[in-house]
Amino acid sequence: MALTWENILVGFAAFIAVFMVLVISFYSIILVISVFQLRKEYLLNRNQTFDEYMNESFAKPVSIIVPAYNEEAGIVASVRSLLSIDYPSFEIIVVNDGSKDDTIEKMMTHYQMKEINPAVRKQVETKAVKKVYKSAYLPNLFLIDKENGGKADALNAGINFSHFPYFCSLDGDSVLERDAFLKVMKPILDSDGEVIASSGSIRIANGCEIQDGNILKVGLAREPLVIMQIIEYLRAFLMGRIGLSRHNLLLIVSGAFGVFSKQWVIDAGGYKTNTVGEDMELVVRLHRLIRDKKQKKKIVYVPDPVCWTEVPESPTYLRRQRRRWHRGLFESLWTHRKMTFNPRYGPIGFISFPYFWIVEFLGPIVELLGYIYVVISLFLGGIYLEFAILIFLLSCLYGSLFSMAAVLLEEWSLRKFPKISDLIKLFFFSLTETLWYRPLTVFWRCEGIWQLVKGDTSWGEMKRKGVSG
């Protein structure tokens with residue numbers, strides 16, 4: 001019996017080690033692709049001016065849709081930031097999704113909103129719209145007041161009202177860099193319709209100095225949780241999304257900052273309101289529609305255009321966010337599960353879907369079991385301890401070293417952090433990821449899986465301090 005258990009434990013440890021080696025190998029390939037692609041983008045951007053894209057006859061107008069639910073802390077500053085962007089033709093549509101705070105009052109007072117009665121073609125279903133307003137002195141600023149239906153429903157209401165062929169989904173607490181739209185629209189303008197969605201990088205505003213909706217000074221927050229999220233975002237965007245986007249394998253366009261072809265989104269049915277991961281689900285559905293129509297369209301990620309947003313500073317709210325994200329991931333994958341290993345969907349079915357199923361969704365379960373094995377092996381000793389050391393070293397490579405590489409990529413290319421001390425701090429914290437932050441997020445994501453098993457569909461309240469300054 002002892003021998004049997006020994007074989008089981010050793011085999012289990014070997015499975016975890018092999019799994020981590022495969023994941024590390026995949027991420028290493030993604031890292032190499034990202035390094036070359038990021039450097040190529042950096043050199044192009046450094047030597048290029050965007051004057052031609054400011055020509056109204058060349059640039060395509062964009063509708064910026066800002067769903068807002070209880071965003072009184074930052075909505076005025078976010079709109080102010082949008083009003084100052086460098087782009088020739090755009091409109092801003094703030095959708096008040098039944099807020100219970102003073103979001104609508106802040107907008108009404110600050111921007112002198114007056115009620116209008118426009119003719120709206122309802123192309124996607126939404127909750128009832130109560131009233132529509134337009135600024136008395138800003139002809140491109142609108143406010144929709146509607147019944148609460150969730151973020152996806154608010155975006156659908158904005159799509160119905162929008163006047164332009166492209167729209168941007170933007171969180172209500174976001175602050176854009178002035179040239180962000182020029183850069184995120186560049187692939188769309190250059191592709192002559194081939195690119196139907198484009199997204200930029202999301203960076204963390206906590207710790208930055210913001211005034212009148214503009215980033216005056218980039219800095220780091222003091223909270224270790226926020227610092228680790230900065231590193232995590234660098235890793236996700238500068239490594240994961242660049243590598244996948246290079247071969248049109250991207251399944252996520254961040255809901256915080258992404259531009260879409262309105263007609264393609266309408267053809268796909270708009271945003272689904274019965275999922276907590278509406279942004280990923282829409283992108284997967286667009287890929288499916290592209291293949292079903294047998295058209296050569298692309299969904300891309302551009303690393304340079306940056307949108308700054310607030311992240312949770314407390315473990316309570318970060319935990320809720322990560323559990324919700326993981327549930328949203330499963331819902332998107334499960335809804336479109338027939339795409340997995342389906343030859344009809346090409347590399348999306350054979351690379352993207354297996355990656356998101358195995359690494360992103362099931363990976364946290366394997367990692368959690370690995371942490372449990374390491375703890376148990378400390379008491380068992382012998383060969384178990386040897387395997388535990390191997391798993392721990394692989395975990396460091398999988399976690400900390402890739403995060404360190406992401407920090408180096410940031411300094412090598414985009415250089416958004418002006419202080420050397422900030423980069424050193426980021427580099428130091430990335431070394432500690434495996435010891436505390438990654439186990440926390442792994443556990444929270446596993447909790448999200450447990451919520452799926454229980455049928456828990458709660459969103460979870462998220463409190464914001466606001467990014468205004």
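**Aromatic contacts in the predicted model**

F356 is buried, with a relative accessible area of 6%; buried here means under 20%, exposed over 50% and partly exposed in between, with a 1.4 Å probe and protein chains only. This is a predicted model, in which local features need pLDDT of at least 70 and side-chain atom pairs count only at pLDDT 80 or more, while totals for chains, interfaces and linings use all residues. Residues are numbered from 1 along each chain as its sequence is written, and side-chain values use heavy atoms, with hydrogens and water left out.

The structure holds 22 aromatic pairs, where rings of Phe, Tyr and Trp (its six-membered ring) pair if their centres lie within 6.5 Å, planes under 30 degrees apart being stacked, over 60 edge-to-face and the rest tilted. One of them joins Y87 and F181 in a tilted arrangement, 6.2 Å centre to centre and 50° between the planes. Y87 lies in the loop between α2 (75-83) and β2 (90-97) and F181 in helix α5 (residues 180-191), so this pair ties together parts that are 94 residues apart in sequence; helices (H or I, at least four residues) and strands (E, at least two) are DSSP runs, numbered from the N terminus. Both partners are buried, Y87 at 5% relative accessible area and F181 at 1%.

Y355 and F356 make an edge-to-face pair, with 5.0 Å between centres and 80° between planes. Y355 is likewise buried, at 9% relative accessibility.
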